Amino acid sequence: MTLTVNQISFGAKPTNKSFDVFSQQVIKRVRRGQDVKINDFTKELTSFEDCFEANKNVLNKKSKQLAETLVASNKDNMASIVYSFLIKNNEGNIKLVEEFATSGLKIAKRMNNPVQIMARANDLREVYKIFPPKNEKFINVLYDEKHALNKIINNYDGLAKQNKGLKTKEEYQILLADVKYDIGLRHTDKNLAQQELIEAKKMYETLGLPDKAKLIK
């Protein structure tokens with residue numbers, strides 16, 4: 001069974017009310033053990049991006065409730081999609097992005113999904129850039145992203161078959177070097193910090209990025 005809420009019930013333009021019906025149908029099907037195709041679910045959810053433009057708080061509240069219900073129903077994969085949707089639609093709102101990315105990161109860790117862990121950790125990394133350099137929360141997120149990136153790089157071929165939207169392997173290697181550089185700048189342990197900087201510089205040189213390598217003394 002697939003979701004066709006908008007097409008059948010509401011025509012081309014989804015509304016505030018149609019989100020309620022969409023959410024109710026999703027939850028009903030999940031609780032009955034009926035199939036909800038992820039692609040259809042994602043497409044339906046993203047169709048609501050514009051209909052709450054005048055009152056984004058309503059969309060946030062309704063979407064968050066849906067995500068929490070999906071988590072309670074052991075549908076972490078669907079809840080993860082909702083949190084990604086919320087992060088995208090609240091770009092620039094540091095408080096909300098931190099809240100939704102933190103919830104999304106917990107789910108990604110439960111799913112042991114390195115691609116999702118990397119994405120949510122990177123969201124938080126952007127948020128925490130305003131924090132003091134040695135902030136422990138920031139450093140922990142950097143390590144989450146580092147470990148996830150290592151897994152992606154080491155298992156790239158297999159993950160690429162499962163995730164059509166992956167970046168190139170080299171792009172992930174550059175991201176890993178950037179994360180190592182950030183850890184080196186921010187870690188309170190000087191020896192660990194220096195080691196990360198040395199590794200980051202080697203990676204930049206190997207990847208043909210001499211300008212970035214020169215930043216590391």
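Trainee: How many salt bridges does the structure hold?

Mentor: The model is predicted. Side chains of opposite charge can pair when their charged atoms come close. The number of salt bridges in the structure is 14.

Trainee: Is D76, which forms a salt bridge with R110, buried or partly exposed?

Mentor: The closest N and O atoms of D76 and R110 are 3.0 Å apart. This pair links helix 5 (residues 76–89), where D76 lies, with helix 6 (residues 94–111), which holds R110. R110 has 49% relative accessibility and therefore counts as partly exposed. For D76 the value is 16%, and buried means under 20%, so D76 counts as buried.

Trainee: How many residues apart in sequence are the parts that K137 and E98 tie together?

Mentor: The side chains of K137 and E98 meet in a salt bridge of 3.5 Å, N to O. K137 belongs to helix 8 (residues 136–154) and E98 to helix 6, so the parts tied together are separated in sequence by 39 residues.

Trainee: Which helix holds K212, the partner of D178?

Mentor: D178 and K212 form a salt bridge through their side chains, at 3.0 Å from N to O. D178 counts as buried at 16% relative accessibility, whereas K212 is partly exposed at 31%. D178 lies in helix 10 (residues 169–186), and K212 lies in helix 12 (residues 210–214).

Trainee: Which residues are linked with K146 in a network of salt bridges?

Mentor: Here the salt bridges form a network. The residues linked with K146 are K180, E196 and E199.

Key
Residues numbered from 1 in each chain as written. Predicted model: local features only at pLDDT ≥ 70, side-chain atom pairs only at ≥ 80, totals over all residues. Heavy atoms only, no water. Salt bridge = Lys/Arg side-chain N within 4 Å of Asp/Glu carboxyl O. Helix = DSSP H or I, 4+ residues; strand = E, 2+ residues; numbered from the N terminus. Buried < 20%, exposed > 50% of the residue type's maximum accessible area, 1.4 Å probe, protein only.
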